Amino acid sequence: MKLIIGGYCSGKRRFARQLYPNGYWLSAYEGKYLKDWPTESSAPSPLIIEGWERWIEADLMGNYDVKQLRTEYANQLDTYLAHEQASQQPICLILLEIGRGIVPIEAKQRALRDLNGWLSQDAAERCDEVFYAWNGLVRPIKTIG
Amino acid sequence: MLTFISGGVRSGKSRLAEQLAEQDAETRGGALFYLATAATPQESEMQARIRWHQQDRGKAWITLEEPIDLNAVLPRLQANSTLLLDCLTLWSSQVMFASDFSPKEAIEELDAFIQALTDQQIHLIIVSNDINECLPPNTPELLNYVRFLQCLHQCLTAQADHVIQMLGGCAYDWKGG
């Protein structure tokens, strides 16, 4: 599994398209839900998943438990990893870096940053390659071996 | 020659940019220009801040000021010189919120400026700020601004000879160097 992480408009998608020109995109920005998977990705192609902060935001509507949500997302990552190994089709996660600003006043915004940061750590731990996108350039920050 | 330096607030961008500019001017024996993009501020605190910067830079520098129309300074430059533009973030915000330029026209303006400097063998060093690694702003105007600045950054990193990211005073060379 691969992870591409970077700030807003930093070139993450372009890099993912270069890696997997024929990949299937499970994108929150196109109104897709995490639960759409794996039914929508039944075609044998690489899977690219993006828009996590939108899904996290949706999970923070109403009552929430951040620790429990972190566990749920980590479990989801384990499911992807197992699916990748079983299907022999690569999975690429795209995550938005949102942790470098000032601490937000709203509790939900703080929870969003926390969960997105934990998700990034949990994803990076499970991925064998991690790339950092910065102003249109990309470099590996974790490599195989 | 084009050098692009970006990073967070107080990460050492300006200091490194000034060092690189001074070294370049000394090596090539050309003049040393500083293009300040800040519009003349009303607040005394901002005026004092500008004075500190000018004093820090020393006498070797020729300071030019232009908040929006970069190409207006071209007649005042010399061939084979070094020009430090500090900073792109201010310029882009003034273009976006206090000028008649559309984002597309602003990019064309910057491209024309870079081309004119290249033609005169002027080494351009651009300093900017990374403001895209936090929660995206929740108003369309500010989101458009971040998008515009990122577009400028990506155009610059694609064509720059030397690209540097600053973090805690340390420089990471993405390209060249």
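Which residue in strand 5 of chain A does Leu3(A) stand opposite? It's Val130(A). Hold that thought while I do the housekeeping.

This is a predicted model, so no experiment here: local features need pLDDT of at least 70, side-chain atom pairs count only at pLDDT 80 or more, and totals for chains, interfaces and linings use all residues. Residues are numbered from 1 along each chain as its sequence is written, with chains lettered from A and ligands numbered from 1 in the order in which they are written.

On scores, the model gets ipTM 0.89 and pTM 0.92. Chain B has an average pLDDT of 93, and 100% of its residues reach at least 70; pLDDT being the predictor's confidence in each residue, from 0 to 100.

OK, chain A. Leu3(A) and Val130(A) face each other where strand 1, residues 2-6, runs parallel to strand 5, residues 129-134, over 5 bridges. When I say helix or strand, I mean DSSP runs numbered from the N terminus, H or I with at least four residues for helices, E with at least two for strands. Strands pair if DSSP finds at least two bridges between them.

The sheet in chain A is open, has 6 strands in the order 2-3-4-1-5-6, and its pairing is mixed. Strand 2 (24-27) and strand 6 (137-142) of chain A are the edges: each has a single partner strand, so one side of each has no neighbour in the sheet. From one strand to the next, the twist averages 20 degrees. Helix 1 of chain A, residues 12-19, lies across strands 1, 3, 4, 5 and 6, at about 170 degrees to strand 4. Those angles run from 0 to 180 degrees between N-to-C directions, with axes fitted to C-alpha atoms, for helices over the stretch in contact. Contact means C-beta atoms, placed from the backbone, within 7 Å.

Now, how do the chains meet? The contact takes 17 residues from chain A and 18 residues from chain B. On the chain A side, helix 4 (107-126) and strand 6 each supply at least two residues. By class, that side has 6 nonpolar, 7 polar and 4 charged residues. For the classes, Ala, Val, Leu, Ile, Met, Phe, Trp, Tyr, Cys and Pro count as nonpolar, Asp, Glu, Lys and Arg as charged, and the others, Gly among them, as polar.

Over to chain B. Strand 1, residues 2-7, has 5 of its 6 residues buried, so the rest of the structure largely encloses it. Buried means 20 or more other C-beta atoms within 10 Å of a residue's own, exposed means 12 or fewer, and partly exposed is in between, with C-beta atoms placed from the backbone. Strand 1 of chain B runs parallel to strand 5 (residues 123-129) over 6 bridges, where Ile5(B) partners Val127(B). Strand 1 also pairs with strand 6 of chain B, again parallel, over 5 bridges.

Strand 6 of chain B then makes a hairpin with strand 7, with 2 residues between them, and Gly168(B) in the turn has a positive phi of about 55 degrees.

Last one: Leu84(B), in strand 4 of chain B. Leu84(B) is buried, with 27 other C-beta atoms within 10 Å. Its contacts include Ala17(B), Glu18(B) and Ala21(B), and those three are among the buried residues of helix 1 of chain B. That's me done.

Key:
Two residues are in contact if their C-beta atoms, placed from the backbone, lie within 7 Å. Lists of a residue's contacts leave out its neighbours within four places in sequence.
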